There are 4 protein chains.
Amino acid sequence: MARPRSETRRAAILTAAASVIATEGLTAPTAAIAKQAGVSNGSLFLYFDTKTTLFNELYVALKTEMGEAAVEGLPETGDARKRLRHLWTRWLRWATSNPEKRRALAQLEVADEVTAESHRLVRDTQRDMAELLETCREGGPVQDVPLSFVLILTGAIADATMDAMIREPGNADSHSATAFEAVWRVIAGPTAH
Amino acid sequence: MARPRSETRRAAILTAAASVIATEGLTAPTAAIAKQAGVSNGSLFLYFDTKTTLFNELYVALKTEMGEAAVEGLPETGDARKRLRHLWTRWLRWATSNPEKRRALAQLEVADEVTAESHRLVRDTQRDMAELLETCREGGPVQDVPLSFVLILTGAIADATMDAMIREPGNADSHSATAFEAVWRVIAGPTAH
Amino acid sequence: MARPRSETRRAAILTAAASVIATEGLTAPTAAIAKQAGVSNGSLFLYFDTKTTLFNELYVALKTEMGEAAVEGLPETGDARKRLRHLWTRWLRWATSNPEKRRALAQLEVADEVTAESHRLVRDTQRDMAELLETCREGGPVQDVPLSFVLILTGAIADATMDAMIREPGNADSHSATAFEAVWRVIAGPTAH
Amino acid sequence: MARPRSETRRAAILTAAASVIATEGLTAPTAAIAKQAGVSNGSLFLYFDTKTTLFNELYVALKTEMGEAAVEGLPETGDARKRLRHLWTRWLRWATSNPEKRRALAQLEVADEVTAESHRLVRDTQRDMAELLETCREGGPVQDVPLSFVLILTGAIADATMDAMIREPGNADSHSATAFEAVWRVIAGPTAH
DNA sequence: GATGAATGAGCGTTCATTCAT
DNA sequence: CATGAATGAACGCTCATTCAT
């Protein structure tokens, strides 16, 4: 019940969980997840003490993966707007390329089995994004607001945009661009670019 | 000739459902809802055929209530920004004054027991808001985007703001004002006001 | 809860009960019976204290009706075989003309809610048949067996024949005739007729 | 690699089901059956998907057991009457030795949860009896009747006789003998033996 | 008396978790 | 370690019966 060897099996369970949650919701039986992972009923509990544990670890894993995808290849210096644009694009691309993970994440985000601790853990994975936003908002209309609130606003717009992109794949790029401009107006205000 | 079916009881069940869902989530036992409503186990099913039915009717009721609260006293004419501000304020005020209903609504919004039909029914309750947004975005940066996407973006910002206001009641007004400006920037762009 | 006026309503409930039991079985809700009888939920319990009571009274009523149908117009004297044949024909005819009542009766016959008392009550309704069988078996192979056993054997053959007649209405008369000869052989033996 | 599914437990559940159904009827709670089998509530559903499934499998099992008991040791050739007598005796003996199974079978026989498929499956177990009856009726009064009807008549007499034997164990043998002669008269007519 | 809303015990089935193999 | 059988608490829903109108 501790932390057993096979990292492969562990990963398989997490992947299966995301997939099953995406289609069946959080009430999906653990047995369904185990089956999808090609693992026995009981094995799941060898890797995760509890269904709740599994949910929390999955939440952190997905959120981390998403954060890493967003900042991958992000230039360390340069024009802030361009760098944010880069991040925004990769972020939304990850979401639209991984619709199941995204759906699972959306469910986990509001699940009350996911603890405050997990939410806190995850904040670290967004440090790069936070720093970038900090730079972008300098001198703008939200410079005196708590950064966390800015993050939340940005995240909300991103979420809504992801939904729209997944729902209408044809307009995905257009939605992404429109939303980026909106975000920029939110955090940087009516500046020329 | 017998006791008539009581609208009061029905309302009590809906209210109890919102409250219980807010604290226990959508998996809360129907028995808990009935108990909280001061009604017997079986009575709940006299007023609502199914747990799913209850969820759907609750969703529509809450969404309608929220919509009506938002447009209450909305002047029919006048400066669009002022009118949107009026609506925004009442909207967020309802949410912060009814945190349980809001939490329940958040859960129902993503529940897959809530039918497409229910979501459609609810769209009408947002007609006033939609029309106002249509006016506000005229000539602005999102004038050519589907209105539905603008509604979603606005809703997402509102949701995030509600969360923040409930989490930090001390900064509620400040968050509300900040977010309104952000929304205005999103839909009307860098116009003077 | 005693015995209220409207004999009509009472009869309607019994009729509805037979019909509903025939199609839904003994586990059919009392509400279904009440509805079919055009009577309210609660009224049923004004006429019958209990579902079990209803079953018992229905059993007696149906069995009585069947018994009376069988002996209707039965000549009081004359050739025993002819008289038995008369009774047999009317008996089976009632069953095939009232398939719902018959089905209900078949279910009630084996229901353990139907008390021994009800079974005893019903025995009286078969007195005429018993007397006739007593006459018929005189000097035959079952003259020394308990009459009750002869009655049971006869009833079993009749039941099986009714089933067959209802299942294959085309061969109804043929089955009836074949079975009568069988019965006659059982009780009167290899006598010429 | 895990504990294998236990044929013993499965059998225990079937046995318990027969016993509980015999005393409480088909509406007996599955929990009562599980308890009687010394098995947990949930285990029952590991071995039988559904209460209905359990009923069907029990029906087939009991009917098969009864059929096998009847033909056990049946000489393949020889005097037809003697062979039928052998079968008849063993058949009724099984019923009187297993009154609970017999009661359960009687209930299942008329239950509408028991599928047509189950009834068909069971028909095979009576093939030997059918063939024997076919031989016995040759040249007799029911030689031109559908064999199925003859089987039904025979079964009805057997059933009634079993009831009588169980009710009056003192006269069991006498009832059995009397009924056999009756059956013989039915199918073979007034032949000397 | 008649109605039908109200009650609450009860049931079939599921599923997270444990444990024998 | 892995498996899957075993467990039993829990839940949604039904329905006989009671009772307010």
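Student: How are residues, chains and side-chain values treated here?

Tutor: Residues are numbered from 1 along each chain as its sequence is written, chains are lettered from A and ligands numbered from 1 in the order in which they are written, and side-chain values use heavy atoms, with hydrogens and water left out. Because the model is predicted, local features need pLDDT of at least 70 and side-chain atom pairs count only at pLDDT 80 or more, whereas totals for chains, interfaces and linings use all residues.

Student: How many helices and how many strands are there in chain A?

Tutor: Both kinds of element are DSSP runs numbered from the N terminus, helices being H or I with at least four residues and strands E with at least two. The C-alpha trace of chain A spans about 60 × 35 × 30 Å along its principal axes, and from the N terminus on its elements run α-α-α-α-α-α-α-α-α-α. The count for chain A is 10 helices and zero strands.

Student: What area is buried between chain A and chain B?

Tutor: Contact means heavy atoms within 4.5 Å, and 25 residues of chain A are in contact with 28 residues of chain B. Buried area is the accessible area (1.4 Å probe) that two parts lose on being put together, summed over both. Carbon and sulfur atoms give 74% of the area buried between chain A and chain B, which is about 2,100 Å².

Student: How many salt bridges are counted between chain D and chain C?

Tutor: The contact takes 28 residues from chain D and 25 residues from chain C, and these chains bury about 2,100 Å² between them, 74% of it on carbon and sulfur atoms. A salt bridge is a side-chain nitrogen of Lys or Arg within 4 Å of a carboxyl oxygen of Asp or Glu. Between chain D and chain C the count of salt bridges is zero.

Student: How far apart are the closest C-alpha atoms of chain B and chain C?

Tutor: Chain A and chain C are joined by no contact, and their closest C-alpha atoms lie 33 Å apart. Chain B and chain C are likewise joined by no contact, and for them the distance between the closest C-alpha atoms is 10 Å.

Student: Are helix 8 of chain A and helix 10 of chain A roughly perpendicular or roughly parallel to each other?

Tutor: Axes are lines fitted to C-alpha atoms, for helices over the stretch in contact, and angles run from 0 to 180 degrees between N-to-C directions. Angles under 35 degrees count as roughly parallel, over 145 as roughly antiparallel, 65 to 115 as roughly perpendicular and the rest as oblique. Helix 8 of chain A and helix 10 (residues 172-188) of chain A pack at about 65 degrees with their axes 8 Å apart, and they are therefore roughly perpendicular.

Student: Which residues of helix 10 of chain A meet helix 8 of chain A?

Tutor: On the side of helix 8 of chain A, the residues are Leu133(A), Cys136(A) and Arg137(A). Their partners in helix 10 of chain A are Trp184(A), Ile187(A) and Ala188(A).

Student: Is the angle between helix 4 of chain B and helix 6 of chain B oblique or perpendicular?

Tutor: Helix 4 (residues 51-71) of chain B and helix 6 (residues 99-110) of chain B have axes 10 Å apart and pack at an angle of about 125 degrees. Helix 4 of chain B and helix 6 of chain B are therefore oblique.
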